[in-house]
Amino acid sequence: MPPGQLLLVAVFVIGTFIPAVLAYRFIAGWYGKRFGNVEPTSHQRRVSSLVGVGAALLTVLPLSLGQSSWEVYNQTWLVNVVMFTMALWLVSFWWYLGRSLSHYLALAAIALALGLASIGGLPLDTWPWHLREATLFLAVAFITCGLLDHRRLTRSLLSPGDPVGQES
Amino acid sequence: MARSLERFDPLDRLVHEPARLVILTALASCASADFVFLQRITGLTTGNLSGHLTKLSEGRLVTIEKRFVGKKPNTRVVLSAEGRRAVNDHWRRLEELRAGARGLKPG
């Protein structure tokens with residue numbers, strides 16, 4: 001990769017990473033202030049780290065391993081592998097969360113169906129199925145799941161008689 | 001029926017009270033929780049929750065730590081080893097009670 005392009009990639013990665021970290025801190029702070037804070041046990045910390053690393057690896061590894069065949073296969077099969085691995089991860093995540101948040105299961109089913117449809121020669125096969133479409137699908141799906149998680153959280157927690165927020 | 005239930009020791013009132021049972025059960029599934037979170041899961045007023053936490057603390061079931069997060073006061077509650085044992089025992093006894101009652105026949 002030429003140095004100019006490498007620099008552009010680095011700027012892009014840093015430029016997206018910093019707002020993501022800031023957004024995460026802001027959202028976590030907002031939830032903490034409004035709904036309180038819970039400190040996980042060391043076991044829960046280990047498992048959640050494993051879940052996060054697993055998600056990253058299942059997305060990045062298939063793409064990295066098959067990078068040489070990107071142009072030949074027009075990314076299609078690599079994206080299919082990512083959809084399968086992400087579906088697998090989502091099922092694991094649903095299981096880890098206690099098998100109650102069924103929208104993660106629905107999301108896994110959609111990812112699996114899209115991958116299968118593409119492999120099976122359904123219309124998606126003729127459509128240029130690139131990484132950007134998969135990323136867009138995953139982004140929309142995860143935002144939807146996040147909103148559903150928020151709805152679940154706000155419905156399950158109670159409003160105390162006294163105004164909340166006197167203590168952080 | 002009375003004979004079947006006789007073998008169960010009386011339940012610990014300190015743990016069995018609904019709000020305190022919710023607090024202890026929630027604390028058993030995490031390392032610690034703050035006052036706001038406990039207020040959100042119990043729906044108790046500030047005064048009521050403080051009262052329950054004081055009773056649990058006096059019974060050595062939880063430890064309460066007052067601190068500052070930034071410039072704001074924050075109350076952190078941790079379940080003690082004794083508290084973990086008490087809540088686990090309590091749920092086990094409730095399960096036993098339910099299992100025992102399931103086998104009872106009227107008459």
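Let's start with the hairpin. β2(B) and β3(B) make it, with two residues between the strands. In the turn, B:G70 has a positive phi of about 70°. Keep in mind that this is a predicted model.

Now the pairing in that hairpin. β2(B) covers residues 62-69. It runs antiparallel to β3(B), and eight bridges hold the pairing. One pair to look at: B:V62 stands opposite B:L79 of β3(B).

Step back to the whole chain. Chain B has six helices and three strands. From the N terminus, the order is α-α-α-β-α-α-β-β-α. The chain is 107 residues, and 25% of them count as buried. What about sequence separation? Take the contacts in chain B between residues at least 6 apart in sequence: 51% of them join residues at least 24 apart.

Next, the core. Which residues have the most contacts inside the largest nonpolar core? They are B:L24, B:L27, B:L38, B:V62 and B:V77, in a core of 20 residues. At least two core residues come from each of α3 (18-28), α4, α5 (46-58), β3 and α6 (81-102) of chain B. α4(B) supplies the largest share, five residues. In soluble globular proteins, nonpolar side chains tend to be buried together.

Stay with B:V77 for a moment. Set aside its neighbours within four places in sequence. B:V77 is then in contact with B:L27, B:S32, B:A33, B:L38, B:L53, B:V62 and B:I64.

Now to where the chains meet. 21 residues of chain B are in contact with 17 residues of chain A. Which elements give two or more residues to the chain B side? β1 (32-34), α4 (35-42) and β3 (72-79) of chain B do. α4(B) gives the most, with seven residues. By class, that side has 10 nonpolar, eight polar and three charged residues. So much for the tally.

β1 of chain A, residues 38-39, joins β1(B) through two bridges, and the two run antiparallel. A:E39 has B:S32 as its bridge partner in β1(B).

Methods: Residues are numbered from 1 along each chain as its sequence is written. Chains are lettered from A and ligands numbered from 1 in the order in which they are written. This is a predicted model: local features need pLDDT of at least 70, side-chain atom pairs count only at pLDDT 80 or more; totals for chains, interfaces and linings use all residues. Two residues are in contact if their C-beta atoms, placed from the backbone, lie within 7 Å. Helices (H or I, at least four residues) and strands (E, at least two) are DSSP runs, numbered from the N terminus. Ala, Val, Leu, Ile, Met, Phe, Trp, Tyr, Cys and Pro count as nonpolar, Asp, Glu, Lys and Arg as charged, and the others, Gly among them, as polar. Two strands pair if DSSP finds at least two bridges between them. A nonpolar core is a set of buried Ala, Val, Leu, Ile, Met, Phe, Trp, Tyr and Cys residues joined through C-beta atoms within 7 Å. A residue is buried if 20 or more other C-beta atoms lie within 10 Å of its own, exposed if 12 or fewer, and partly exposed in between; C-beta atoms are placed from the backbone.
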